[in-house]
Amino acid sequence: MRSAHLIRLSATLVTTLALTGCLDDGGSDSNDTRVGRLNYNGFSGLTYQTQSQRGTTNANGEFRYYPGETLSLWVGDLALVQDVPTQKYVTLLEFVPEVRAALTDPSTDDEGLSTHTVREQLLLGNAELRNITRFLMSLNWTGDVPKGQGIAIRKRVISQLNAALPNLPEPIDFSVSEAAFTGSNEEVSPANRLLAEICFYPEGHSLCDEPPTKEAIELAPSRPENEADRDPNITYKEDLENTRDRILDAIRTLDDTLPNDLESYLSRELTAITTAVANRYYLDEHVASHTASDTGVQSVRIRKIDGAPEIGNIEAISTRTDQVAIHATNWQAAEFDYFVAGDAGGESELVVSFRPEDTYRWIHKQLRVVIR
C-alpha cells in the first residue's frame, strides 16, 4: 500500500509539470500568489506542489500558493507529505495529520490563558514527526543545524538520493516507530540504507570512494616496524584499515541526530515563528494612566502592522483585579475593555491572549495600567 501511495504521489507531480509558479532565489513577486515558508529558517531544495503552483523551495524555504490550497512535498523522487494546508508558515508539526489536528486544541498557561506553546511541546513526541524531522536534519549538507540556520538539501545530495531509491529493499515509511525507522544494528532501516549511499562531500573527495574490502585488507602486507624498510609504492594493511575506517565513519546514520538536538531544533523554530507572528500585532499603548476617579470603561484595540486584525478568539485578565478589572472582550472588534477599581498609587498589568484567524497560535500582549 505504501508503495502504491508513493507511485500515485509521484504521478501527480509528473502530470503537473506544466503548471506555473516556480519560486527560486531570483523569483519575481509580480503575480498575486502568496509566499509561504517551511519552518522559520526553511528547507531549501524541496520540490513542492499545490493545486496551481509547482517549484523548488529557495534558500529561505519559500513556496508560492493561493489561499485554500494544500501543499505536497518531495525530496527528489521521495515523497515526504501531501495535502498540508498552505499558510504563511508551515511547520513540521503540520506535516502529520493527527498532530496538525491536535494543534487547534490549546492548553492553558500559569495565568489561565489559552496558549499553543504547551500543546506544541506535548506533541513533539509523535513518532512520525520525529522520523521526518530526523531524516531532513540528516540530509543537511553540514550535518548539524546551527541555531538561526535552515536545512540546505543540495542538488548533489538529491541526485545521489534519487540514484539509491530504486535499490532499496522496501520503501521508506515515516509512520513506523522510531526504533524501526532508525534501526542500524541487526536490521538496517531503509532510511539508513539510503543515507549510506549519499556522500556529503564534494564530488571526487576521497571519503566518497568505496572503502577497501576486508579481503583486500587481509591480502595486503603488514607495515614493517622499521620505517627505513617501508616501500612508499606499497599500500600496507594498516593503511587500508585506516582508509576503510575513515570512509565508514563518514557515512551518516539517523542516530547521528540526537533526540535532544531534534527537540531543540523543533522548539527554536516554533518559537521563532510565534515571535514573528506576534510582532505583527500591537496594542494601542503599552502603559495607560488614569485618575482614581476615572472609573469609566476604557477600550484597548489590537492593531496589526500590515492590515486589519482578524481575530478568531480573545481572552484577557488583570493581575490585580482589586486595582483594575476586565470589563469585556470583543473578538469581532479585536478589543477588550477595563475599568479602574482601586485607589491612587495602585496599578495592574492587563494580559490579553488572542488567536488570529489565520493561525492556531495564541499571542500574548501586556498593558500596564497606573492609577494616579
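1. The N-terminal end of helix α4 is capped by N126, in this predicted model, through a side-chain oxygen that lies 3.1 Å from the backbone nitrogen of E128. Helices here are DSSP runs of H or I with at least four residues, strands are runs of E with at least two, and both are numbered from the N terminus.

2. Helix α4 covers residues 127–138, and its end C-alpha atoms are 16 Å apart, which agrees with the 16 Å that its 12 residues should span at 1.5 Å a residue, the expected span being 1.5 Å times one less than the number of residues.

3. Of the 12 residues of α4, 10 are buried, where buried means under 20% relative accessible area, exposed over 50%, and partly exposed in between, with a 1.4 Å probe and protein chains only. Among them are R130, F135 and M137.

4. Strand β5 (residues 62–65) contains E62, which counts as buried because its relative accessibility is 18%. The side chains of E62 and N58 are joined by a polar contact of 3.0 Å.

5. The chain holds 10 helices and 19 strands, and 45% of its 372 residues count as buried. Its C-alpha trace spans about 100 × 55 × 40 Å along the principal axes.

6. On the basis of the model, residues are numbered from 1 along each chain as its sequence is written, and side-chain values use heavy atoms, with hydrogens and water left out. Because the model is predicted, local features need pLDDT of at least 70 and side-chain atom pairs count only at pLDDT 80 or more, whereas totals for chains, interfaces and linings use all residues.

Conventions. A polar contact is a pair of N or O atoms within 3.5 Å; within protein, one must be able to donate a hydrogen and the other to accept it, and residues adjacent in sequence count only if both atoms are side-chain atoms.
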